[in-house]
Amino acid sequence: MARTLENLGSQIRSATDSDAESAQRAGTATAPVGTPENPSFKILTVANVITACRLALTIAFLVLFVQGTNRVLALCFYAIAAVTDFLDGQVARRTQTVSWLGKVMDPIIDRVLLFTGVLAIVLTGELPAWVAVLVIGRDCYLGIGALVLQKYRRRPVDVVYIGKVTTALLMFGFCDLLLGAPVVPGLGLANVSWLPGLNAQPAALGIFFVYAGLVCSITTAVIYTREGIRIRREALSEQEGEKGK
């Protein structure tokens, strides 16, 4: 049982950062412990506590928002969780307490926060369901693609800048939709109810940030897909070259 858990932990760490995991396993890690290149195995760190608090705030937000008991408080919880998105990583790096738990949990909590915001607005009918399908579907697509690429390269695909822009736009847009203000006139470009803001009906300004985030999201998916295809081709080419020797 212990061996199974150890192997599972090694696989998770390898999927998160194969270079650091391989260096630690081989005993060749030269960076100080607690740096991104040589994460520690500590669990109780300030950064991890912040990450856990973000998860708790996200759950509390969803409960309060859906129940409609205190929308202002729910929005405050979500805003705090969203604003502190960068805080745990900054604390971990500046205090040299980067841990494997943090490296694994931080991106997961980011997606949970994003999905929760989408789900809450859809459940209250303030966001078209197709937006939620696109946002969640894109992340599922990239997640499956990352698992497939593990067969060809252990190191994850490098994060592209536009991916960070996507998250920022969507987070801001969802926060503004949750607030519901300011409300601006519709552009009147479409005559369908499932395109708020683009039709003639007034809508919260945040919907336009969501649309911008969706465009960036699709662009990011295309970039990662092209990179994945390139990695696969290179790996197969190397395998063919080794067979020909």
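Me: Are Asp110 and Arg54 buried or exposed?

Reply: Burial is read from relative accessible area: buried is under 20%, exposed is over 50%, and partly exposed lies in between, with a 1.4 Å probe and protein chains only. Asp110 and Arg54 are both buried, and Arg54 has a relative accessibility of 2%. The model is a predicted one, in which local features need pLDDT of at least 70, side-chain atom pairs count only at pLDDT 80 or more, and totals for chains, interfaces and linings use all residues. Residues are numbered from 1 along each chain as its sequence is written, and side-chain values use heavy atoms, with hydrogens and water left out.

Me: What do Asp110 and Arg54 form, and how far apart are the closest N and O atoms?

Reply: Side chains of opposite charge can pair when their charged atoms come close. A salt bridge here is a side-chain nitrogen of Lys or Arg within 4 Å of a carboxyl oxygen of Asp or Glu. Asp110 and Arg54 form such a salt bridge, with 2.5 Å between the closest N and O atoms. Asp110 belongs to helix 5 and Arg54 to helix 2, so this pair ties together parts 56 residues apart in sequence. Arg54 also meets the side chain of Asp106 in a salt bridge, at 3.0 Å from N to O. Asp106 is in helix 5 and Arg54 in helix 2, so the parts tied together are 52 residues apart in sequence.

Me: Which residues are linked with Arg54 in a network of salt bridges?

Reply: The network links Arg54 with Asp88, Asp106 and Asp110. The structure has seven salt bridges. Another one of them joins the side chains of Glu227 and Arg230, at 2.4 Å from N to O. Glu227 and Arg230 are three residues apart in helix 8, about one helical turn. Glu227 is partly exposed at 25% relative accessible area, and Arg230 is partly exposed at 34%.

Me: How should I read helix 5 in terms of its span?

Reply: Helices are DSSP runs of H or I with at least four residues, strands are runs of E with at least two, and both are numbered from the N terminus. The expected span of a helix is 1.5 Å times one less than its number of residues. Helix 5 covers residues 100–123, which is 24 residues, and reaches 35 Å from its first C-alpha to its last, close to the expected 34 Å. Its buried residues include Trp100, Asp110, Leu113 and Thr116. After helix 5 comes Gly125, with a positive phi near 75°.

Me: Which residues is Thr58 in contact with, leaving aside neighbours within four places in sequence?

Reply: Contact means heavy atoms within 4.5 Å. With those neighbours left aside, Thr58 contacts Ala81, Val112, Leu113 and Thr116. Thr58 itself lies in helix 2 and is buried at 1% relative accessibility.

Me: Where is a nonpolar patch found on the surface?

Reply: Patches take residues with over 30% relative accessible area and no salt bridge; like charges are joined within 9 Å, and nonpolar side chains (Val, Leu, Ile, Met, Phe, Trp, Tyr) within 5 Å. Accessible areas come from the Shrake-Rupley method with a 1.4 Å probe, and for residues only the protein chains shown count as cover. Val66, Leu119 and Leu123 form a nonpolar surface patch with about 270 Å² of accessible area together. Leu119 is in helix 5 and is partly exposed at 41% relative accessible area.

Me: How many aromatic pairs does a search of the whole structure find?

Reply: Rings of Phe, Tyr and Trp (its six-membered ring) pair if their centres lie within 6.5 Å; planes under 30 degrees apart count as stacked, over 60 as edge-to-face, and the rest as tilted. The search finds six aromatic pairs. Phe61 and Phe65 make a tilted pair, 5.5 Å centre to centre with 35° between the planes. These two residues lie four residues apart in helix 2, about one turn, and both Phe61 and Phe65 are buried. In the pair of Trp130 and Tyr211, the ring centres are 6.4 Å apart and the planes are at 10°, so the pair is stacked. Trp130 in helix 6 and Tyr211 in helix 8 are 81 residues apart.
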